[in-house]
Amino acid sequence: MLKIGPYTFAHNLVLAPMAGVSDAVYRKICRTCGADYTLAEMVASQKQLWESKKSSTRQADRSDPEPRAVQLLGTDPQELADAAKWQAQQGAQIIDLNMGCPAKKVCSVAAGSALMGAPDKVARIFDAVVTAVDVPVTVKIRTGLDVENKNALEIALLAQQYGLQAVTIHGRTREDKFNGSAEYDTIRKVKQSLDIPVIANGDINTPEQAKFVLEYTSADGLMIGRASQGYPWIFREVNHYLATGTTLPPPTLDEFYNTIIEHTRGLHQLYGEMLGVRIARKHIGWYSQHLENGVALRKTFNQLTDPLEQLKLIERFFDRAENTAPAQTAVN
């Protein structure tokens, strides 16, 4: 059972905070499918961006189920501390620090996983943020900068020393990005050395793999990211397999239809018609990979610019009556 600060989760599966993916609509769908703990996509710590249009969809939302978790990205200890305090005032109940993102535009400014090369700065960040807020602080890291510099244990021990409540480790280095296969020996080593919860991440894409990683590393939880894209049912399948050792049947076409319609409508409402239409395309691309004739759905869907036409196409694809209500435009 996964526990972070005062929060205990019925299941030990966590939805990863994926930039441009893990918005409120996506988090709700994944929670419905069995992800008890969901993290919002990362938010930049710079004060001038706190209330920007882009960041507005990534802030803590008091309508979300508890605990509401926000991930912060930055390099300056005081800036991150101020941002954490502001997010907590907005309703965030867990603050997660991003020290795992390998993206070039993030690492080029020494943020994300690049911070792992500066343990002294990491210590100052941990100290500043934990001191600034009364809510639990966690961190997501990688195994190190590269295969010759794996220092996840050093960073994780600093996290425990400065009062963080959990550490998530992606089983790749910064240099690996998402190439090759994740390794779990480092995660296992960290878990053996820490008293606070450790969450394993990386290549957990089947129930069988989830069971192996959980048992091999003795991790307290598993974080799933890319495997949930277009297939949020991965969470219920893993939960069921871990509990029973048996495999659930795949989702029905009805479940695909209802989820895709809910997801598409939700994106139109959250982002407004123009942006919502564009964002929906990538999600339909992911769903289509699990559907017979999904390629045809994706190609046609990508050509549409009207939200109502997107919904009508989904209904036609699943051979449903065309009774879709017009999409609601978000109020900015």
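**Notebook: helices, core and loops**

I began with a helix pair: α5 crosses α6 in a right-handed manner (right-handed means the near helix is turned clockwise from the far one by less than a right angle, left-handed anticlockwise). I noted that this is a predicted model, where local features need pLDDT of at least 70, side-chain atom pairs count only at pLDDT 80 or more, and totals for chains, interfaces and linings use all residues. Residues are numbered from 1 along each chain as its sequence is written, and side-chain values use heavy atoms, with hydrogens and water left out.

**Entry 1: α5 and α6**

I looked up the residue ranges. Helix α5 covers residues 119-132 and helix α6 covers residues 152-161 (helices are DSSP runs of H or I, at least four residues; strands are runs of E, at least two; both are numbered from the N terminus). Their axes are 10 Å apart, at an angle of about 25° (axes are lines fitted to C-alpha atoms, for helices over the stretch in contact, and angles run from 0 to 180 degrees between N-to-C directions). So α5 is roughly parallel to α6 (under 35 degrees is roughly parallel, over 145 roughly antiparallel, 65 to 115 roughly perpendicular, the rest oblique).

Which residues of α5 and α6 make the contact? From α5 I listed Pro-119, Val-122, Ala-123 and Phe-126; from α6, Glu-154, Ile-155, Leu-158 and Ala-159 (contact means heavy atoms within 4.5 Å).

**Entry 2: the core**

Next I checked the largest nonpolar core, which has 91 residues (a set of buried Ala, Val, Leu, Ile, Met, Phe, Trp, Tyr and Cys residues joined through side-chain atoms within 4.5 Å). Phe-126 and Ile-141 are among those with the most contacts inside it. Helix α10 (residues 253-271) gives the most to this core, with six residues. Away from its sequence neighbours within four places, Ile-141 touches residues including Met-99, Ile-155 and Val-167.

Is Thr-173 buried or exposed? Thr-173 is buried, at 1% relative accessible area (buried is under 20%, exposed over 50%, partly exposed in between, with a 1.4 Å probe and protein chains only). Thr-173 sits in the loop between β9 (166-170) and α7 (185-193). Beyond four places in sequence, its contacts include Arg-142, Asp-146 and Lys-150.

I then turned to Ala-219, in the loop between α8 (207-217) and β11 (221-224). Ala-219 counts as buried, at 10% relative accessibility. Ala-219 and Val-190 are 29 residues apart in sequence, and their C-alpha atoms are 9.3 Å apart.

**Entry 3: α9**

Last, I looked at helix α9 (residues 234-244), where Phe-235 and Tyr-241 are among the buried residues. Gly-245 follows α9, with a positive phi near 80°.
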